[in-house]
Amino acid sequence: PNVGKSTLLNRLVGMKVSITSRRPQTTRHRITGIVSEPDAQLVLVDTPGFQTVHGGALNKLMNRVVTDSLEGVDVVLFVVEAGTFAADDRKVLALLPKRIPVVLVINKIDRAKDKRRLLPFIARVSSEFDFAQVVPVSAAKGTQVDRLLVAVKPYLPEGPVMYGEDEVTDRPERFLAAELLREKLFRLLGEELPYAATVIVEKFETEAGLRRIHAAIVVDKPNH
């Protein structure tokens with residue numbers, strides 16, 4: 001949680017397809033982003049952050065999304081925050097299949113005040129797992145994101161493209177509209193309410209290029 005997976009996905013795709021906020025548990029669904037280049041098409045799967053503390057029904061559901069998403073992928077991008085690696089990260093590493101190459105992505109390098117400390121940190125995390133490659137990036141600034149794409153391409157299987165070159169996600173606009181509204185709940189409301197709320201789009205109409213969206217915000221308790 002909160003290592004910048006969704007921000008990285010949006011940067012790679014070049015468009016907002018996954019909502020972001022500073023709060024944990026913002027991503028609840030498996031989100032697919034599509035990157036089409038002349039020599040390759042990458043279908044990127046953004047998962048919720050794996051929850052190691054709270055055992056509620058929502059967290060268990062999100063964890064199942066994470067583990068299910070590991071099936072059928074060609075390469076895993078294991079994203080950590082620069083300077084931060086703890087027991088929770090090791091728990092997630094233990095979930096990763098040994099037969100699939102894992103690229104260590106160290107995000108938020110722009111926040112590191114002393115860049116010289118990154119090298120010992122990279123060495124320490126690299127000793128925890130047999131990573132195929134290590135790529136430090138800043139998803140927020142776009143630093144070395146192109147290098148990450150180059151690092152991933154050798155692990156992709158040869159074959160025809162799965163999506164049109166102008167497609168950026170397999171999610172419909174109705175879903176994206178609900179997610180964007182839920183993002184605003186996370187960003188603008190108090191500590192408790194975003195976690196106890198979801199958004200249901202009741203009507204989605206298009207009139208001369210204008211989208212008219214009717215949505216319900218469903219909350220957990222009457223006092224919400």
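Reader: What is the accessible surface of the protein, and how much of it belongs to carbon and sulfur atoms?

Author: In this predicted model, the accessible surface comes to about 12,800 Å². Carbon and sulfur atoms hold 53% of that area.

Reader: How many of the residues count as buried?

Author: A residue is called buried when its relative accessible area is under 20%. Of the 224 residues of the protein, 42% count as buried.

Reader: Which elements make up the protein, and in what order do they run?

Author: There are six helices and seven strands. From the N terminus on, the order is α-β-β-α-β-α-β-α-β-α-α-β-β. As for contacts with a separation of 6 or more, 62% of them join residues 24 or more positions apart.

Reader: Which residues of helix H1 are buried, and what covers them?

Author: Helix H1 spans residues 5–13, and its buried residues are Ser-6, Leu-8, Leu-9, Asn-10, Leu-12 and Val-13. Their cover includes the strands E1 (31–37), E2 (40–46), E3 (76–81) and E4 (102–107), together with helix H5. After H1 comes Gly-14, which has a positive phi near 85 degrees.

Reader: Where is Asp-170, and why does it count as partly exposed?

Author: Asp-170 lies in the loop between helix H5 (145–152) and helix H6 (173–188).

Reader: Which residues gather with Asp-170 in a patch of negative charge?

Author: Glu-165, Asp-166 and Glu-167 gather with Asp-170 in this patch on the surface.

Definitions and conventions
Residues are numbered from 1 along each chain as its sequence is written. This is a predicted model: local features need pLDDT of at least 70, side-chain atom pairs count only at pLDDT 80 or more; totals for chains, interfaces and linings use all residues. Side-chain values use heavy atoms; hydrogens and water are left out. Patches are made of residues with over 30% relative accessible area and no salt bridge: like charges are joined within 9 Å, nonpolar side chains (Val, Leu, Ile, Met, Phe, Trp, Tyr) within 5 Å. Accessible areas come from the Shrake-Rupley method with a 1.4 Å probe; for residues, only the protein chains shown count as cover. A salt bridge is a side-chain nitrogen of Lys or Arg within 4 Å of a carboxyl oxygen of Asp or Glu. Lys and Arg count as positive and Asp and Glu as negative; His and the chain ends are not counted. The place of a charge is taken as NZ of Lys, CZ of Arg, CG of Asp or CD of Glu. Helices (H or I, at least four residues) and strands (E, at least two) are DSSP runs, numbered from the N terminus. Buried means under 20% relative accessible area, exposed over 50%, partly exposed in between (1.4 Å probe, protein chains only). Contact means heavy atoms within 4.5 Å.
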